[in-house]
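Student: Hi! Could we go through this one together?
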Amino acid sequence: MKSKSSNVNDTNHLNKEENKNQPKREISSPSTLDSRFNQTLRNVQGIPGKVLLTRRADPIDDLSTPERSPTFGRSFSESDTGTSDHVQNPMEVEDPSTGKSNNGNVNKLKSSTSNIENTSKEAHKSPIGTRATDSARVTKFTKELSAPTVILERLRELAWSGVPPYMRPTVWRLLLGYAPPNSDRREGVLRRKRLEYFDCVAQFYDIPDTERSDDEINMLRQIAVDCPRTVPDVTFFQQVQVQKSLERILYTWAIRHPASGYVQGINDLVTPFLVVFLSEYLEGSVDDWSIANITPEKISDIEADCYWCLSKLLDGMQDHYTFAQPGIQRLVFKLKELVRRIDEPVSKHIEEQGLEFLQFAFRWFNCLLIREIPFHLVTRLWDTYLAEGDALPDFLVYIFASFLLTWSDKLQKLDFQEMVMFLQHLPTNAWTHQELEMVLSRAYMWHSMFNNCPSHLAS
């Protein structure tokens, strides 16, 4: 009887024999799941642990974001995964030192792959992303949010695939821990936290410059310079009152977080919160909004919510914004390693051209892709960010690898200067929810493959 490892070798040998009779083609294209799986299989050979790869004829364009978050083990119920009749020729990669099987991990990846395919048709029906507004999902959200105490794990699982826009303010406050899960305490806690923010503004912002240190004056000036540059493509953010709100939030946050202070890029991170919490009072397109239509009292409440949610978000990634930003540098290194594992040809080409990942990916981590995609897609992306919770920094690596490898074939044809220009002005202006869901789907899939063998991303 042959051992499992010999069976794998036989399978690889047969595949090689079949390939001899086939016309040559490029193997690095991300356009088909088959080529990506085959390439990833080669890259993960020898990694401790075991990964199940499945070959399918369906293109990767049929993928859609799965129901569950990577944070929750990528496991699904039967109703989520559907049938597996379409899955053929599973290939296993085992730990070469032990040869042991791990059916649990295999089933998780098989389930995630099946779920990705089964949900794909939904995401393609509408350019705005039907998964966030599907009636069954809205019912699930309504049920969770109407409970006396919200079960945050269930809410995270739902939010990972998108939140209905009108529920987003409530869901985001809960996911970030700003609003308590207990509905009886929620109103009182929000009132108290908003009053605390008002006190901070009065103490730190609404004072003359004569009462500030030189460093504080310089920081306030830098914030005042950066606010008009924030999301310049969206006219709403050019309103003077909006910029004043941004300035108050950023300066108050910086004064209360002296370990980092204000760092350029944090101004971008306020904008999703500002839009989401304003959406409770304004309707229609963001470009048509006027903050003058909201009372000063409501504006103060919105500012307070933005301040506390920004604080909660950055609490989980403090070293991203301290001196030299070591957290970001560490994640850029992990991104480089992950891209090398997934797509060696493009990784090798980037290295041969002398392009460093820090030269383009630093901004991605610093601003969480806000400057790289159309602003109308940002809140959908942030649904997934906030659903990840404390695991967000590590999962960003997978999202950004998926984002970069969207242009794998294109990048391999560019020289150093062309790559720099291309990566600084990525062609995402016409992106819809469909392209974003594709990025998240690939990130989900790759995390499912690699999350049980973390040594490949050791820093």
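Tutor: First, buried means under 20% relative accessible area, exposed means over 50%, and partly exposed is in between (1.4 Å probe, protein chains only). This is a predicted model, where local features need pLDDT of at least 70, side-chain atom pairs count only at pLDDT 80 or more, and totals for chains, interfaces and linings use all residues. Residues are numbered from 1 along each chain as its sequence is written, and side-chain values use heavy atoms, with hydrogens and water left out.

Student: What is the average pLDDT of the chain?
Tutor: The chain averages 79, and 69% of the residues score at least 70. pLDDT is the predictor's confidence in each residue, from 0 to 100.

Student: And where does pLDDT stay under 50?
Tutor: One such run is residues 1-34, with 41 contacts in the model beyond four places in sequence. Another is residues 36-129, with 207 contacts counted that way. A contact means heavy atoms within 4.5 Å.

Student: Okay, on to α14. Which of its residues are buried?
Tutor: In α14, which spans residues 344-352, V346, S347, H349 and I350 are buried. Helices here are DSSP runs of H or I, at least four residues long, strands are runs of E, at least two, and both are numbered from the N terminus.

Student: Why are those on the same side of α14?
Tutor: Because they cover an arc of only 165° around the axis. The arc is that of the directions from the helix axis to the C-beta atoms. On the other side of α14, E351 and E352 are exposed.

Student: What covers the buried residues?
Tutor: The cover includes α13 (326-342), α18 (408-411) and α19 (416-424).

Student: Can we zoom in on H349? What does it touch?
Tutor: Leaving out residues up to four places away in sequence, H349 touches L411, Q412, K413, L414 and M419. Its side chain reaches the backbone oxygen of L411 at 3.2 Å. H349 has 13% relative accessibility, so it counts as buried.

Student: Which residue caps the N-terminal end of α14?
Tutor: D343 does, with a side-chain oxygen 3.4 Å from the backbone nitrogen of V346. After α14 comes G354, with a positive phi near 80°.

Student: New topic: how many salt bridges are there?
Tutor: The structure holds 17. A salt bridge is a side-chain nitrogen of Lys or Arg within 4 Å of a carboxyl oxygen of Asp or Glu.

Student: Which one links distant parts of the chain?
Tutor: D394 and K334 meet in a salt bridge at 3.6 Å, N to O. This pair links distant parts of the chain, with D394 in α17 (residues 392-404) and K334 in α13, 60 residues apart. D394 is partly exposed at 44%, while K334 is buried at 15%.

Student: What about E247 and K244?
Tutor: Their side chains also meet in a salt bridge, at 3.6 Å, N to O. Both lie in α10 (residues 240-256), three residues apart, about one turn of the helix. E247 is buried at 12%, and K244 is partly exposed at 37%.

Technical notes:
A polar contact is a pair of N or O atoms within 3.5 Å; within protein, one must be able to donate a hydrogen and the other to accept it, and residues adjacent in sequence count only if both atoms are side-chain atoms.
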